[in-house]
Amino acid sequence: MSKIIQLEAISKIYEIGDIKVPALNGVDMEIDEGEYVSIMGPSGSGKSTLMNLIGCLDTPTSGTYLLTSENVGEMTDNELADIRNRRIGFVFQTFNLLPRANAFHNVELPLIYAGMSKDDRQEKVEYALEKVGLQDRMKHKPNELSGGQRQRVAVARALVNDPSLLLADEPTGNLDSATSYEIMDLFGKLHSSGNTIVLVTHEEDIAAYSHRVVRLLDGRISSDEKQEPRRIASSTVIASA
Amino acid sequence: MGRKIRGAGRALWEGLIIANNALMANKTRASLTTLGIVIGVVTVTLMMMIIQGLNKSFQDQISFLGAKTVYVQRWPWVWDDDWWKYINRPRVTMDQYEQLRERIVGAEEISPMAWTGRSATYRDKTLDRVSILGTQQQHAIVGSTLPEYGRYITDIDDRSARRVAVIGVDVRDRLFGPLDPIGRNIRIASKVYTVVGILEEQGNFFGDSRDNIIIIPIETLFTDFGRVGRDVMIAVKGRDDVAVEDLVDEIRAIMRGTRNLKPLDEDNFAINRQEALSDLYDTLTGGIYAAGLIIGGISLLVGGIGIMNIMLVSVTERTWEIGMRKAIGARTTHILWQFLVEAMMICMLGGTVGILLAFAGGQLLKQAMPAVLPLWLAGAAVLFSAVVGLLFGMFPAAKAARMDPIQALRAQ
Ligand SMILES: Nc1ncnc2c1ncn2[C@@H]1O[C@H](COP(=O)(O)OP(=O)(O)O)[C@@H](O)[C@H]1O
Ligand SMILES: [Mg+2]
């Protein structure tokens, strides 16, 4: 299988005044296309920092990052923006939806920045919302949706431009456990249909759904193991959440 | 390429929608912010309306002088030298008028004019000071002073110095009321004149009625009110096919001859024309223009700074949103444009409100003074507001566009 992510000796050091905070300290990691990886570790171990680097939202202090063999470190701001727009879908712990826009418009945003025509957008947004089981909630605003539904809107937004990589930083962190399982169910399905997924969590329960667990400790990888993923009990009807 | 342009169009549209939503969410703030722009636009627009109105009324007022007519006189209408230079000049005389009339070829008509101010009486009614113009028959054409009814003064009247008068409508109204004045006798000072005609209404010249006038034969004026020491003014109406400049040159040459000037002598007479007044007017209103521009400019500057301030607040408040938009692939230019459009929309809103207010104000103003609102001015005001938005929105928008996505997302 071809490699989608190659990290080599990645370090990230934050400077607050004179104090240097090393968030990542020489991380080497490769992720293949089609993998489902969870990144675990205690709070402050560098999980979010790593995700932001993988998601091209941030740049490392040192080290190289190849995304499908292209060196991200040599890219311009516009090229990075286009990569975030077309090749990476990012799901945040806090959903990050526009409060005044309805589900449809929230999902539509990346397509607008991609310069897609209205008709094409309509089709793709409907398809993405269908995938997450919210085809009948398109006109609802975030405050008219449950937490799980909001996160599914965010997942639909991440998926809508057919990215090769889906990143999620603690996507269930703000959800109750029942709703968390629904979201994990959704991720499982997306993985089965061919998406590469990298997910940050500090809950073993959530990590159990993935095929590989990378553990971080103080900005270093402490373990990296493949595992047999937990099966989702039944293919519950997601749309009913 | 086409795809790129369509993409830009969509980004623009999206910018408009976002801006609109942002404005709707903060209606009070947006309207307060636009106040500066509103005031600026109202000031500039009202100034412009007044100036345009003044221009039009000025042109209307001086139009009776005639674009093709020049006036030969001892004094220029507009001067910047000392008055004594003119006071010692020899007068323009009837003799010089005769010679000019004899020789000139570029003129369609030419008439002498002499003025005095006298009282006019009909029975028990007296007007204290009426302008008495002595002239000749052809002045009806040269000075466009045609009789509305009755007749004008004639060459025969002039040669025999008859006491006949053509009166202006003000004189008619105030002396005769509803009576028909033709054939009735009035007294000018102590002399008895017969009214033979009524002038067409002449209108105003800067607040002075030009209808408070009595026209009599110039010879009669000399006979009754004195010839010695009286200035004569010669009105020359140029032919349509002769340029005014050429007419002036010809008059100048003839007048220099008849006034015995040597080649190096300065002219000791003036050839006045409408244009001299327009020039003077332009220098006077230039000051008003400048003042208007400065006041308007300051208001717009204040308004612009208000916009900049509110946009900075808006950028800070929506830091998270900017981070999110960047995270899902908005380019720097998308964010820049979003905030520029918002600033421009606020300003254009202010501009539109300003124009409407100025228009309403202009309607009121019209009661008191001339005011004109040309359509281009309305368009220009709104456009200019957009430019103010663009200029003052640039800094906040650039601040937003330059934000680091991660830092911005943390602002939640
Ligand atoms: N912008 C920042 N400035 C300074 N220090 C930071 C910044 N972001 C993260 N850190 C520090 O880097 C370390 C790793 O943070 P983070 O990647 O958020 O950890 P995690 O997501 O695993 O909780 C922490 O010590 C945190 O305080
Ligand atoms: Mg974190």
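A polar contact is a pair of N or O atoms within 3.5 Å; within protein, one atom must be able to donate a hydrogen and the other to accept it, and residues adjacent in sequence count only if both atoms are side-chain atoms. The model shown is predicted, so local features need pLDDT of at least 70 and side-chain atom pairs count only at pLDDT 80 or more, whereas totals for chains, interfaces and linings use all residues. Residues are numbered from 1 along each chain as its sequence is written, chains are lettered from A and ligands numbered from 1 in the order in which they are written, and side-chain values use heavy atoms, with hydrogens and water left out.

**View 1. Polar contacts of ligand 1.** A polar side-chain atom of Arg410(B) lies 2.3 Å from a nitrogen atom of ligand 1. On chain A, a backbone N or O atom of Gly46(A) is 3.1 Å from an oxygen atom of the ligand, and a polar backbone atom of Ser45(A) is 3.3 Å from a ligand oxygen. Of the 560 Å² of accessible area that ligand 1 has on its own, the protein covers 73% (Shrake-Rupley method, 1.4 Å probe).

**View 2. The surroundings of ligand 1.** Ligand 1 is surrounded by 13 residues, the closest being Gly44(A), Lys47(A), Ser48(A), Thr49(A) and Arg410(B); a residue is counted if one of its heavy atoms lies within 4 Å. The site is shared between chains because residues from chains A and B surround the ligand.

**View 3. The interface of chain A and chain B.** Chain A contributes 28 residues to the contact and chain B 25 residues (heavy atoms within 4.5 Å). The two chains bury about 2300 Å² between them, 56% of it on carbon and sulfur atoms; this is the accessible area (1.4 Å probe) lost when the two parts are put together, summed over both. Leu57(A), Asn96(A) and Tyr113(A) supply 27% of the area that chain A buries against chain B, more than any other three residues.

**View 4. Salt bridge across the interface.** The rule finds 1 salt bridge between chain A and chain B, a side-chain nitrogen of Lys or Arg within 4 Å of a carboxyl oxygen of Asp or Glu. Asp82(A) pairs with Arg331(B), their closest N and O atoms being 2.5 Å apart.

**View 5. Salt bridge within chain A.** Arg212(A) and Glu35(A) form a salt bridge with an N to O distance of 2.9 Å. The pair ties together parts that are 177 residues apart in sequence, because Arg212(A) lies in strand 9 (residues 212–217) and Glu35(A) in the loop between strand 2 (19–32) and strand 3 (36–40) of chain A. Strands are DSSP runs (E, at least two residues), numbered from the N terminus.

Terms used. Helices (H or I, at least four residues) and strands (E, at least two) are DSSP runs, numbered from the N terminus.
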